[in-house]
Amino acid sequence: MCGIAGIFHTEGLKPVDPARVERMLTVAAHRGPDGQGVWTAPGVGLGHLRLAIIDLAGSPQPMASTDGSAMLVFNGEIYNFRELRAELAAQGATFHTDGDSEVILAAWQRWGVDCLPRLNGMFAFALYDLRQRTLLLARDRLGVKPLHMATLADGSVIFGSELKQLLAHPSLRRDVDPLAVEDFMAWGFVPDARAILKGVEKLPAGHYRLLRHDAPPPPPVQWWDISFTERARGSAADLEAELLHHLREGVTSRMAADVPLGAFLSGGVDSSSVVALMAEASRDPVKTCSIGFDVTALDETAYASRVAAQFGTEHYQRTVSADDFSLIDRLAAMFDEPFADASALSTFRVCELAREHVTVALSGDGADEAFAGYRRQTFQHREDQARKLLPQALRGPLFGTLGALYPKLDFAPRPLRAKATLQSLARSSEEGYARSLSVTSAEARDALYTDDFRKLRGDYRAEQPVVELMRNAPARSGLDRAQYADLKFMLPGDILTKVDRASMAVSLEAREPLLDHRLVEFGARLPEGLRVRGHTGKWILKQTMRRYLPDDVLFRSKMGFVTPIAAWLRGPLADQARAIVRSGTLAQTGWFDPARVSSLVEGHISGRADHSRLLWQLLMLERGLDRCLGNVG
């Protein structure tokens with residue numbers, strides 16, 4: 001696990017100042033405390049920060065190929081590098097290290113861009129071929145590792161693992177993209193298709209770019225996609241056996257490390273499954289880490305402790321105060337862009353605890369996306385069954401009217417909270433799901449914006465790309481399309497961004513065994529009835545893991561990492577909430593109606609309503625803009 005940065009000239013072979021690349025590395029030193037290196041040649045400069053995990057002494061970067069004709073900087077891990085190394089060696093390749101970086105170089109020289117489908121791992125890398133004078137920028141299938149890019153006025157392309165590395169370049173313009181603000185207000189993060197600053201891009205997951213010195217940067221090329229078009233055949237028992245095989249391979253392949261290794265353990269299905277399979281494969285006790293809260297309703301440590309005891313792990317646990325809001329400024333510095341997933345606070349704290357004991361930690365991320373574990377996915381599945389009963393021409397007026405009339409009963413028991421369902425049924429399957437993903441509805445956003453911001457935004461709405469993504473998905477059903485949207489949109493933009501920044505902030509490598517691409521591809525082929533059964537998602541995963549875990553772990557209600565931001569915004573953060581209206585960066589933009597925002601703030605502080613999620617978004621938007629616009633150091 002590392003960080004990379006670089007500069008590439010697309011208008012000739014102008015020299016690259018190594019000091020500029022070094023500056024891009026220095027601002028992200030947390031990603032690689034074990035080594036730093038810069039390499040330059042006419043028209044190109046590559047920089048690398050190393051967190052040593054495998055071949056601790058033998059794989060410094062930037063790394064040259066055996067014949068010196070190619071140079072690599074690489075962030076991530078290739079889990080099948082030993083198998084690839086043996087295959088390449090049989091075809092005449094020679095190696096001087098015991099790590100995975102040199103295998104990427106040899107694979108490029110043997111197969112070109114066709115080497116990418118052969119790599120099983122998480123990665124973002126830049127590989128310069130001195131003979132062809134090309135730079136390959138590539139990102140892993142699911143977007144575990146990030147890569148930001150921008151093309152400057154002089155034709156140079158700058159890139160880095162984090163946005164702060166691009167911000168370190170003096171020629172990067174800092175103009176906010178209003179469409180990214182619309183995106184952020186809808187989702188609570190800026191998705192991979194956009195960046196908060198105009199001109200900045202994120203290489204999409206499963207894509208590459210091949211840059212040349214004599215041509216403008218080409219668009220990204222997709223080298224992998226997930227398909228839901230096929231259905232696996234076989235008995236439930238046979239498919240459970242196949243699933244268990246993939247689970248074991250995903251976990252054991254990610255246990256290779258020359259440094260201490262452990263796992264996050266929340267006590268939920270996914271992390272408990274990972275720990276169970278780690279314990280099965282390990283001769284030594286697995287190191288596990290859990291975070292609890294001093295508020296009983298938010299605390300899951302009893303489940304984590306039970307799983308830890310069952311598998312005899314070396315368990316570390318820490319209780320965090322529910323008033324642990326002191327990380328807000330640090331969060332803004334971690335993410336650079338505005339990021340309002342409040343569970344980032346808890347994720348950072350568990351990463352901080354884990355780093356005290358291990359250098360690599362396995363997580364349970366990815367199973368909800370791959371096996372339909374989110375409640376919104378099961379709702380989508382049932383709503384699509386209802387949509388089949390009535391054509392859109394009837395559903396739209398009928399459910400639209402009912403949805404408008406039905407009161408918003410957030411406080412009521414779930415069966416009585418039908419407003420969102422009625423509004424969803426009035427729309428197409430794709431439009432309904434996009435609405436369920438958003439944390440702030442289109443109507444609520446429009447009520448906040450000023451006329452000036454609406455003009456800047458134009459006709460664009462944040463939900464549009466998600467609807468288009470789902471309509472064009474290689475899928476057979478509404479559930480397929482919902483999972484496709486989660487895997488391609490929500491996962492890289494929110495979940496994986498959160499884990500990458502939180503873990504790398506403390507120089508911890510986080511690995512996601514449940515995102516092994518073979519496991520994800522298997523999940524996409526499963527019949528719907530093995531993904532969702534009644535109100536239960538991840539059905540086959542839970543059935544498969546019954547041989548390891550008790551039912552009250554497998555089938556209990558999902559909590560996830562939560563934080564008491566509603567109480568914070570009524571107490572210690574109340575003044576900061578009020579300041580959103582009066583002063584600071586956000587007030588100066590003129591994007592939001594001060595009277596409307598003030599009404600939301602005072603309504604929340606008084607306890608008349610709960611606007612915590614929206615106010616948290618506005619607070620984090622301001623902190624993120626301060627970072628990107630250079631208003632803070």
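Modeller: A residue is buried under 20% relative accessible area, exposed over 50% and partly exposed in between (1.4 Å probe, protein chains only). The model is predicted, so local features need pLDDT of at least 70 and side-chain atom pairs 80 or more, whereas totals for chains, interfaces and linings use all residues. Numbering starts from 1 along each chain as its sequence is written, and side-chain values use heavy atoms, without hydrogens and water.

Colleague: How many of the 11 residues of helix α3 are buried?

Modeller: Helices (H or I, at least four residues) and strands (E, at least two) are DSSP runs, numbered from the N terminus. The buried residues of α3 include Glu102, Trp108 and Trp111. Because of this burial, α3 (residues 101–111) is largely enclosed by the rest of the structure; the number of its residues that are buried is 9.

Colleague: Which residue just after α3 takes a positive phi?

Modeller: The phi value is about 65°. The residue with this backbone angle, just after α3, is Gly112.

Colleague: Is Lys538 buried or exposed?

Modeller: Lys538 is located in the loop between α21 (528–531) and α22 (539–544). Beyond its neighbours within four places in sequence, Lys538 has contacts that include Val269, Phe371 and Arg531. Its relative accessible area is 5%, and therefore Lys538 is buried.

Colleague: With which side chain does the side chain of Lys538 make a polar contact?

Modeller: Asp270 and Asp368 are both among the residues in contact with Lys538. The polar contact of the Lys538 side chain, at 2.8 Å, is with the side chain of Asp368.

Colleague: At roughly what angle do the axes of α6 and α7 cross?

Modeller: The contact between these helices involves, among others, Leu244 and Arg248 of α6 and Val274 and Glu280 of α7. The axes of α6 (residues 236–253) and α7 (residues 269–281) come within 9 Å and cross at roughly 75°.

Colleague: Within what distance do the axes of α27 and α28 come?

Modeller: Helices α27 (residues 594–606) and α28 (residues 612–628) cross at roughly 125°. Their contact is made by Val597, Leu600, Val601 and His604 of α27 and Ser612, Leu614, Leu615 and Leu618 of α28. The two axes come within 10 Å.

Technical notes:
Axes fitted to C-alpha atoms, helices over the stretch in contact; angles between N-to-C directions. Contact = heavy atoms within 4.5 Å. Polar contact = N/O pair within 3.5 Å; in protein donor to acceptor, adjacent residues only side chain to side chain.
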